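Please look over the sequence and the structure shown below before reading on.

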Amino acid sequence: MQKIDYLSYKPSDEQHVDHWLKVGTSDEFPENGGLCFKHRELQIAVFNFTNRNEWYACQNLCPHKMQMILSRGMIGSQQGEPKVACPFHKKTFSLKTGECLNGDECHITTFPVKEINGEIYVGLIERAEHAIQQDLTV
C-alpha cells in the first residue's frame, strides 16, 4: 500500500505555486458538484461551486475512512464557509482551509484553483511533489 503525505504537497498559498495543472474545461464539471482527477500518485477532487461562482480543490482521500471519495461529497456552506461532506460518514471539511468543521482533528489538503477562459487549473508545488515521490512506500 502506498503512503502519501498530502500535507507536504499543500501549497501554502497561490503565490508559491510553481505549476498550474489543467484539469478540464468548466463545461465538463457538474454544477455544484465535483470530479476527481489523478495526477501521478495523487487523486484531487475539483468542485464547481456554481452557487458561489467559485472553484475549489482538495485531496480526494477521506482522512477518516481512508477512501478516495470526497469528489462525490455534497458541497454547501456553513456560516459562510464553503464545505464538502464525505458521503460515507458526513464529516464536513472547509474547502478553503481543509479544517474539519465537525471539530475532529482530521483535516484535508486544499489546492488553489483558477479559471482562465473556461479552462480550469489546479495549483501545485512540483518541488514538494518530487519529495513525496521519493518517500512513497509500497
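Is K22 buried, exposed or partly exposed? At 42% relative accessibility, K22 counts as partly exposed, where buried means under 20% relative accessible area, exposed means over 50%, and partly exposed lies in between (1.4 Å probe, protein chains only). The model is predicted, so that local features need pLDDT of at least 70 and side-chain atom pairs count only at pLDDT 80 or more, while totals for chains, interfaces and linings use all residues. Residues are numbered from 1 along each chain as its sequence is written, and side-chain values use heavy atoms, with hydrogens and water left out.

- Strands here are DSSP runs of E with at least two residues, numbered from the N terminus, and two strands pair if DSSP finds at least two bridges between them.
- Strands of a sheet pair through backbone hydrogen bonds, either parallel or antiparallel.
- Six bridges join β1 to β10, and L21 stands opposite V122 in β10.
- Four bridges join strand β9 (residues 113–116) to β10, where V122 is also the bridge partner of V113.
- The hairpin of β9 and β10 has two residues between the strands, and in this hairpin N117 takes a positive phi near 50°.

**The sheet of four strands**

- Another open sheet has four strands in the order β2-β3-β4-β8, again with antiparallel pairing.
- Its edge strands are β2 (33–39) and β8 (110–111), each of which pairs on one side only.
- Within this sheet, β3 and strand β4 (residues 54–59) run antiparallel and are joined by six bridges, and V46 stands opposite A57 in β4.

- N48 lies in strand β3 (residues 42–49) and is buried, with a relative accessible area of 8%.
- Leaving aside neighbours within four places in sequence, N48 is in contact (heavy atoms within 4.5 Å) with several residues, among them F29, P30, W55 and I75.
- E54 is also one of the contacts of N48, and E54 is partly exposed at 27% relative accessible area.

**Salt bridges**

- A search of the whole structure finds three salt bridges, each being a side-chain nitrogen of Lys or Arg within 4 Å of a carboxyl oxygen of Asp or Glu.
- E119 forms a salt bridge with K22, and the closest N and O atoms are 3.0 Å apart.
- This pair links distant parts of the chain, with E119 in strand β10 (residues 119–124) and K22 in strand β1 (residues 19–25), 97 residues apart.
- E119 is partly exposed, with a relative accessible area of 26%.
- The side chains of E54 and R52 meet in a salt bridge (2.8 Å, N to O), and R52 is partly exposed at 24% relative accessible area.
- K91 forms a salt bridge with D104, with 2.5 Å between the closest N and O atoms.
- The pair of K91, in the loop between β6 (81–85) and β7 (92–94), and D104, in the loop between β7 and β8, links distant parts of the chain, 13 residues apart.
- K91 is buried, with a relative accessible area of 18%, whereas D104 is partly exposed at 32%.
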